[in-house]
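Hi,

Here is the structure I promised to pass on. Have a look at it first, and my notes follow below.

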Amino acid sequence: MSTAHQEKHLLEGLAGEDRNVVEQIYRENYPMIQSMIINNNGTVDDAADIFQESMIVLFEKAKTRDFELNCLIKTYLYSVARRLWLKRLQQMKRFGITSEATMETIAVDDDLEMHEKKQQDFNLMDAAMAKIGEPCKSLLEAYYIQKKPMQEIARDFGYTNADNAKTQKYKCLVRLKKLFFAQYKHTE
Amino acid sequence: MEDTLLIDAAERFARGEMSAEEKKYFEELRKNNPELDQTVVEYLFFLNEVEEYGKTRKIRHIFQETENKLAGEGVIAKSPLHGKSKVVFLWKKYKRTIAVAASIAGIISIISTVIMSSISTQKDNKISLLVSKINKQGQQILDIDRKTDQIAAKQDHNHIAATPPRIDARFRATGFMIDANNNYIVTNAHVVKEALHKLIVENSKGEQYVAEAIYVDPGSDLAILKVKDETFNKLPPLPYNIRKSNPELGEQVFMLGFPKQEIVYGEGYVSAKNGYQLDTIYCQLSTSVNEGSSGSPVINKNGELLGIITSMENNADGVVFATKSSNIYKAIENVKKMKDYDDIRINSQPSLRGVDRITQIKRVRDYVFMVKGN
C-alpha cells in the first residue's frame, strides 16, 4: 500500500502547489512523455509544451474536492499527453500517431473537455488582464496571484494605507469584470 | 449600493470572512432584491474565475521554473537556441514564464514592453503581408528595370520606358483605381506605411506618377491615394463595379497585381467568408500570391470587385486574405468628410459581364497600378 500512499502524497502536494512535489513528478514522468512525443513526429519543445499542459490537467484534477485518481499518476499523465499530442497532430495536419501506445492508457476525455473549458476561461481572463492597463494589472496580480497582503501592496504601490489600496483594487476588479464579461458573453 | 462596496461584500462572503450578523443582513438583502442578487451571483462567479486564473498562473510559473531547473541539470532536453540577438534568446528561454515574470514589481514596465513586442511579432509571423521590399538591392533592381525597359523599348514601340525613375523604390505593391474621374487609388494601409519619404504609382507601361496617401485605416488595412501629378492622363470610368455585399463562398475570382515588375494574372475562389481568426473585415481566398501582391483587386466573373489582397497565412498552402470590398465604401464615406477630398466618387460603367477573360483583363489592366515608394 506504500505506493498508493505515496501517490496520494504527491497529488496533495501538487494541489498545494508544493515545488518539491512538482519537481519529483517531473523527474519521474518527463522522460517517458518526451520519448513518446519525439517518437511520434514531435520536437523537444513540443514535449515541453505537452508535458506542461498535461501537468495542468493533473493539477486541475488534483484540486477538485473528493478527488480520486483510479490509476497511477504515470498512467494518467501518459494518457492525457497522448490525447493532447494526437489532437495537436491533427490540428497541424501532420499524420497521426503511428506507433501503438507503449503502455496502458485510460479514458480521459471528460477531464480534457473540462480542461478545455477552463483553458478558454483562462485565456479570456488573460486577455482582459492584458487590456486593463497599469496600475490595475500589477495591483490585481499582486493580490490574486502573488497573494500579497494589502498592507504590503499599499506600501509597494504608494497608497497611504491598506484601505485606499483596497478601494483601488475593487475599482480595478470592476473594470476587469466588464472586460471579461464583454468577451465571455461574446463567446457563449 | 456602489459597485465596489458590493464586490467587496461578495468577496468577503465567498471567503467566509463575514460575521454571522453581517452575513444574515447580506443574505436578507439579496433575498429581497432580485436585481441585486443577480449582480452578486455574477460577482461570485467572476471572483471564482479570478481565483482560478491566479492559481493557474501561479502553478504554470512553478512548472516553468521546474522545467528550467531540470533543463539546466540535463534531465530535460531543450532545443538549442538560435540567433544571437539577446532579446530573441531571452524570449525563447522564457516564452512561457514571461507573463508571470512580468508581474514582479519593479521590472514590470521593461518586461512588458518586451512581451508586447514579442507577442506582436509572434502573431505577425503567422501571416505575412505581401509587400515586396527592395531594401539594399533596390538600386540593382532599378538598374535591371531600366535595362529591361531599354530592351523592351527597342522591340516594342508601345512600351514606354520607366526611365528616368522618379525615385529609388524601396518596396513594391499593387493598387487600383476607384475614382477615375478624380484619380483616387486604393491599396493596403500596410503598403503606405512602408513609404517614409515618397510614394508613387506606376502603370503597366512604366509611367510613374507622384501620389499622396490621403486616408489610411490600419483597422481594415485600407489606404486611399490621390494621384497628384498633372501629367496623369485621366482614364475612362471604371470597367468594374465595387460590390457592397459580402463575397459568396465558392465564387470564382481573378486578380491582377505586381508581384514582379510586370502585371501578373491569378485565379482562385472564395474559400471562407471571414479572414484570419474569423476576422470579419477580411475574407479568405484559395489562390497563390507573392510579395508585391498586396493591394491587388479581386474580381469575379461578372466584373464585380469583391476585395483587396492583403496577406497570406504562412503555415498553410494557398490561404490568402483579402479585405472585403464593403470596407472601400466605408473608407470613401470617411474621405468625403475631408475638406480637400470631398469630390471622391465611384464612377463605373461596368463592361466586363459576358465577355471572355482575355478581354476582361485587357479592360481592367490599365486601372491596376504598381505602388512604389521609399
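In α4(A), the buried residues are A:Y76, A:L77, A:Y78, A:S79, A:V80, A:A81, A:R82, A:L84 and A:W85. Buried here means 20 or more other C-beta atoms within 10 Å of the residue's own, exposed means 12 or fewer, and partly exposed is in between, with C-beta atoms placed from the backbone. Their cover includes α2 (19-38), α3 (44-63) and α5 (109-132) of chain A. Helices are DSSP runs (H or I, at least four residues) and strands likewise (E, at least two), numbered from the N terminus.

The length of α4 (residues 73-91) of chain A checks out: its 19 residues should span 27 Å at 1.5 Å a residue, and the end C-alpha atoms are 27 Å apart. That expected span is 1.5 Å times one less than the number of residues.

This is a predicted model, where local features need pLDDT of at least 70 and side-chain atom pairs count only at pLDDT 80 or more, while totals for chains, interfaces and linings use all residues. Residues are numbered from 1 along each chain as its sequence is written, and chains are lettered from A and ligands numbered from 1 in the order written.

Over in chain B, B:K234 sits in the loop between β7 (222-227) and β8 (241-242). B:K234 counts as exposed because it has 9 C-beta neighbours inside 10 Å.

The complex gets an ipTM of 0.85 and a pTM of 0.46 from the predictor.

Terms used: Contact = placed C-beta atoms within 7 Å.
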